[in-house]
Amino acid sequence: MSTILEINNLKKTYNSGDRHLTVLEGINFTLQAGDTCAIVGPSGSGKTTLLGLCAGLDRASSGSVILNGVRLDNLSEDARAQVRNQYVGFIFQNFQLIPTLTALENVMVPLELRGERNVKREAMDLLARVGLADRHDHYPTQLSGGEQQRVSLARAFSNRPTILFADEPTGNLDEETGDKVESLLFELNREAGTTLVLVTHDLELAEKTQRIIRIKGGHVVSDTGAPEATHQPYGSNIS
Amino acid sequence: MSDTKPNPDKPQLNIPWLLKMAWRDTRRSRGRLALFLSSIVLGIAALVAINSFRDSLQLAIDEKARTLIGADLVMGMNKEPDSLSMAIIDSVGTLGKRSDENRMMSMVYFVNSNETRLVQVRALGGEFPYFGAIETKPKEASRSFREDRRALVDHNLMLQYEAEVGDSIRVGALTFAIEGALHRIPGQTAMTAAVAPVVYIPRQYLPETGLIQRGSRVSYYYYYDLDEAVQPDTLGKKLDPRLEEYGMFYDTVETRKASMGRSYDELARFLALVGFVALLLGCVGVASAVHVYMRDKLATIGILRCLGMSGKQAFLVYLFQVMGMGLLGGIAGAALGSVVQLVLPELFKTFLPVTVDAYFSATAATQGVLLGVIVSVLFALLPLLSIRQVSPLITLRATFEHLTNQKDLLRWAVYGLLLGFIVVFSRWQLGTWWQAFYFTGGVIAAFLVLALLAKGLSWTVKRFFPTHWGYVWRQGLANLYRPNNQTLLLMVSIGLGTALIGTLFMVQRTLLSEVSLSGTKNQPNLVLFDIQNSQRDQVGELTKQEGLPILYFDPIVTVRLEQINNLTLADVRKDTTLEIKPWNFTREYRVTYRDQLSDSEKTEEGTWIKNQYSGSGRVPVSLEQRYAERIKVKVGDSLLYNVQGATMPARVAHIRRVDWNRVQTNFQVVFPEGVLEEAPQFHVLMTRSDNEQQAAQFQRKVVENFPNVSAIGLDLILRTLEEVVGQISFVIQFMALFSIFTGLLVLVGSVNVSKFQRVQESVLLRTLGANKKQILGITLMEYAMLGILAAAVGCVIAFGAAWALAVFSFEMEFVPVLWPLLVIFVVVTLLTVAVGLLNSRGVLNRPPLEVLRREA
């Protein structure tokens, strides 16, 4: 199995005037292809910041992020965007569909960005897979929250990502809808063999992954389910 | 799964897809985009209309060039030709046919209506015009009047004095039968016809009219229909040095075309500039609209960035949208401009010497479309540039600072581009670089003042916030400085629009008040000129008999200047570094002599000559200040005048400032008493009548008793001037309408844009229990403050600009007429508030949830 994500001694600090706020520090872990991992922790613990850094949405203050063999912290924003387009899929709590595009067009965007042609059929197949083939020409505002998240799922898998990052994927949905979306997410992930990293408050959801990394106050406090070889000496971080 | 590694150096742009994305992304914003583009439509329409009209006019002038002067060559002079001049006139006459014409201002008497009027009498002999026609009703009158004692009379005069063909008109001492109504003379505009209406008489009767007396101002014109072998321009150029020496001038079809092209081009340039200001105003609208539009698009850009779109690609998506918007605006503007230009020939016909048929100018339309794209892109570039820096993190945290904090040097490049564009464009419209720099400087100054004031307002409100005021007032005031406020954009766009409109109104009012000022009490309102020496006492007596005061009664002597500090005409021609124009030597001066300064004169330098000239040494003379500057002399310098054949050495003893705006006889050169008394001279008398009846009766008596003396009422001059200024200002106002409507559109657009900012919090307030009245109060407060301040500053700028134009450009005393500014101030403020309130209707009348869903 190959390493998909490698996080080394990651630190993130925000500066506001004279104040320096460290939101993440001393984070180390590695994920192999096909792994599923949940990052859990209380509000303000730094889990979303960690997801952003892992996905190349932000730059670390120090340490490194290596995604699919590409070291992200040395790349420009545009180069990181290209990495995201090639290897990464995203699912957001608030769906983040583009309001001016139909469901189908939203799913097509990552492929079109790659310059691929004749992507409509592929996108339609994905929409059919999430049960929304007949709603393909609807705009996000014409869809319910669950439907929007299913479109978002289709979009996330459309570029055949190596790794999928999900930020509270069911956080904005009622329980029943959330369960459906959850099942669909794991199902699609299994089929595609994609590495999955999800950030959640929901411990029930987290337990469906192979590995759970707990964060508190910007530090990793536990890492359950991690393969022996990748266990890191957390030192003082371990509670 | 792809194994390709990213190549950061070679991002794929995929232009066709970006274009598709740009189109898709407009789906929910097309209404707003249409409003944005509408703000440039009128500016472009104004420019396309004016430039199309310019092309149409040029074409008309080219097509009808020969009819503009009615001959191959015209020679003329403003004094009686001497034997040398006559030799040239006759020698050219051997090269073809010749017609002679004398022009002079004189009174005519309409026998039927028993009224008099000052007109330009043209005594015509020969077959002129050789090309085109003197248009008359009946048509044949233009030829038949020459055969007998018959006259052609300006058709407007005939209407005014209820004269008809066959009626009598007295010109000088002779009565003529009116043969026809005069409608158009080759090369003459309706405007000049209105200022000096023409009466044609056959030249053979001129001596009998007695109009040519000593000192009479008569012009001599000679029209030639040259043989085909003779090139008029070559001949004109060959004769030019001699003609200039004898104080003569010439005109050919080509010289007339060139001079006419120049003067109409200047008018068109000025009007195009008014259009350009409208366009600039629209550009402010575009910039502000795109700025807010981009802010609304941040989330979408964040998502696209997250999915792998590069900054450049995101930038291009929105650049294409703006280009499309500019293209549509340009096309709409070009189409509207092409329609508007159809009415321009009608609008301008008073000023035009030829009938202009409007035609579609592809060049002007293409320029308009291109301009639409260029200005939209240029003025949208600043907000567009920030797209490149939108962070994808916005997808995870809505509260995240959306833009990365990189310093963007490209912003400075954009500022440079904007500045360069305004300079180059205004240079294109105005013709000279210094004018372009002045114009650009003025525009930037106005922008800066308004921007600084907006910043100052936000700061002041924040710094001295009235914490004890009621909630509605506090909320309304706080909207002026809170994040996403529209203070800067609204202040600049509303303020600039107000400044422009205000300036136009002020200038127009100042020009008109300048004219009407002359009609105030105790100023003369009746002038008698061409009074001969022998008639002096009798005219004075008649004036007194009619109960009219003699306010001024000045002798006038015609002189010419031969030397300035021993420099002759030949010297100044040879050495152009002297910067003395040759015409200072070739023209005639009408001078006077007296022993005291008039009340419109003030000593600038030297000593006024009170005493009679002693008879020894150079004659001490007083010069008007600007004239002295023109001929480059100061007190003590020597001059040599030619007083109708006799040379007279003089020295500059006194330089005085003259208020030319005063209605009285003013002179460039004043001699002391005891020098010119015996020289051939005529007199000008100025008086004041209390009413029109008295003036008309006096004028009639003057014409009856002294046919050669002309009397003109200043009320007629005032009426004519008012008409002329009115027509000019109508044209300017017509063009200003484009700015006014653009200003309104920008206002609607800006307020509408701010609606998207305000609607969510208004809805939130409604949700929390705020009632209609409170929301209305908050909105009213915010827009009233913005409207009042922007309009007030705009008015102050307008006041300054109008002052500068009056003093530096029109060189006249600035008369502050404030009421137009007050009206503009009130209207702009009310409009701002009204548009602001209208835009809030949606929030006020619907349930909050519905609004939130609709605006989401």
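**Helix α1 of chain B and its partners**

Guide: In this predicted model, B:I15, B:L18, B:L19, B:M21, B:A22 and B:D25 of α1(B) meet B:Q313, B:L316, B:V317, B:Y318, B:F320 and B:Q321 of α12(B). Contact means heavy atoms within 4.5 Å. Helices are DSSP runs of H or I, at least four residues, numbered from the N terminus.

Visitor: What makes up the contact of α1(B) with α12(B), by class?

Guide: Nine nonpolar, two polar and one charged residues. Ala, Val, Leu, Ile, Met, Phe, Trp, Tyr, Cys and Pro count as nonpolar, Asp, Glu, Lys and Arg as charged, and the others, Gly among them, as polar.

Visitor: Why is α1(B) called oblique to α12(B)?

Guide: Helix α1 (residues 15–25) and helix α12 (residues 311–340) of chain B pack at about 60°, axes 8 Å apart. Under 35 degrees is roughly parallel, over 145 roughly antiparallel, 65 to 115 roughly perpendicular, and the rest oblique. So α1(B) is oblique to α12(B). Axes are lines fitted to C-alpha atoms over the stretch in contact, and angles run from 0 to 180 degrees between N-to-C directions.

Visitor: Which hand does the crossing of α1(B) past α12(B) have?

Guide: It is right-handed. That word is used if the near helix is turned clockwise from the far one by less than a right angle, and left-handed if anticlockwise.

Visitor: How do you know that B:R24 forms a salt bridge with A:E112?

Guide: Their closest N and O atoms are 3.0 Å apart. The cut-off is a side-chain nitrogen of Lys or Arg within 4 Å of a carboxyl oxygen of Asp or Glu. This pair crosses between chains, from α1(B) to helix α3 (residues 103–113) of chain A. B:R305 with A:E77 also qualifies, at 3.9 Å. Between chain B and chain A the count is five.

Visitor: What makes α3(A) roughly antiparallel to α1(B)?

Guide: These helices pack at about 155°, axes 11 Å apart. That angle makes α3(A) roughly antiparallel to α1(B). A:E105, A:M108, A:V109, A:E112 and A:L113 meet B:W17, B:K20, B:M21 and B:R24.

Visitor: How much area do chain B and chain A bury between them?

Guide: About 3,500 Å², 58% of it on carbon and sulfur atoms. Buried area is accessible area (1.4 Å probe) lost on putting two parts together, summed over both. The contact involves 38 residues of chain B and 44 residues of chain A.

Visitor: What rules apply to numbering and to the model?

Guide: Residues count from 1 along each chain as its sequence is written, with chains lettered from A and ligands numbered from 1 in the order written. Local features need pLDDT of at least 70 and side-chain atom pairs 80 or more, while totals for chains, interfaces and linings use all residues; side-chain values use heavy atoms, leaving out hydrogens and water.

Notes
Helices (H or I, at least four residues) and strands (E, at least two) are DSSP runs, numbered from the N terminus.
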